[in-house]
Amino acid sequence: VVEAEAKARVAVAEALEAEAKAKAAVAKVDAEARVADAEAAAKARVAEAEATTKVRVAAAEALEADLKILKLRKEIDVFTENGQANEQ
């Protein structure tokens, strides 16, 4: 009877150890999944920030181009007015 109880206790201890290992494995997988999710979210935020920056740069370049066009039009107007004044 004592031997049977000892074997039962060993079996219970082994089962508890196996359960603890399984829980640890599940916790590890969960942690890895959370890390992967966090990394993916961070990468998405970086990509969004980069895209936003590119859009802002493009908008700034477009404004610069518009300003250059306005300056050139003004110069053309000045030359045109001077040419007309010289002809008269």
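Me: What makes Lys-23 and Glu-19 a salt bridge?
Reply: This is a predicted model, to start with. The closest N and O atoms of Lys-23 and Glu-19 are 3.5 Å apart, and the cut-off asks for a side-chain nitrogen within 4 Å of a carboxyl oxygen, so the pair counts as a salt bridge. In general, side chains of opposite charge can pair when their charged atoms come close.

Me: And why are Lys-23 and Glu-19 about one helical turn apart?
Reply: Because Lys-23 and Glu-19 are 4 residues apart in helix 1.

Me: Why is Lys-23 called exposed, and what is Glu-19 called?
Reply: Lys-23 has 54% relative accessibility, and exposed means over 50%, so Lys-23 gets that label. Glu-19 comes out at 40%.

Me: What makes Lys-21 and Glu-17 a salt bridge?
Reply: Their closest N and O atoms are 3.4 Å apart, and the limit is within 4 Å, so Lys-21 and Glu-17 qualify. Lys-21 and Glu-17 are also 4 residues apart in helix 1, which puts about one helical turn between them.

Me: Are Lys-21 and Glu-17 exposed or partly exposed?
Reply: Lys-21 has a relative accessible area of 56%, so with exposed set at over 50%, Lys-21 is exposed. Glu-17, at 44% relative accessibility, falls in the in-between class and therefore counts as partly exposed.

Me: How many salt bridges turn up in the whole structure?
Reply: The search finds 3. One of them joins the side chains of Lys-7 and Glu-3, at 3.4 Å from N to O. Lys-7 and Glu-3 sit 4 residues apart in helix 1, which runs over residues 2-87, so about one helical turn separates them. Both Lys-7 and Glu-3 are exposed.

Me: How do you know that the chain is more spread out than a compact globule?
Reply: Start with the makeup: the protein chain has 1 helix and 0 strands. Its radius of gyration is 38 Å, well over the 12 Å that the globule rule gives for 88 residues, so the chain is more spread out than a compact globule. The C-alpha atoms fill a box of roughly 130 × 5 × 5 Å along the principal axes.

Me: What share of the residues is buried?
Reply: Buried residues make up 0% of the 88. Buried means under 20% relative accessible area. The chain exposes about 7900 Å², with carbon and sulfur atoms supplying 62% of that.

Me: How many positive and negative side chains are there?
Reply: There are 14 positive and 18 negative side chains, and the centres of the two sets lie 4 Å apart.

Notes:
Residues are numbered from 1 along each chain as its sequence is written. This is a predicted model: local features need pLDDT of at least 70, side-chain atom pairs count only at pLDDT 80 or more; totals for chains, interfaces and linings use all residues. Side-chain values use heavy atoms; hydrogens and water are left out. Helices (H or I, at least four residues) and strands (E, at least two) are DSSP runs, numbered from the N terminus. The radius of gyration is taken over C-alpha atoms; the globule rule is 2.2 Å times the number of residues to the power 0.38. Buried means under 20% relative accessible area, exposed over 50%, partly exposed in between (1.4 Å probe, protein chains only). Accessible areas come from the Shrake-Rupley method with a 1.4 Å probe; for residues, only the protein chains shown count as cover. Lys and Arg count as positive and Asp and Glu as negative; His and the chain ends are not counted. The place of a charge is taken as NZ of Lys, CZ of Arg, CG of Asp or CD of Glu.
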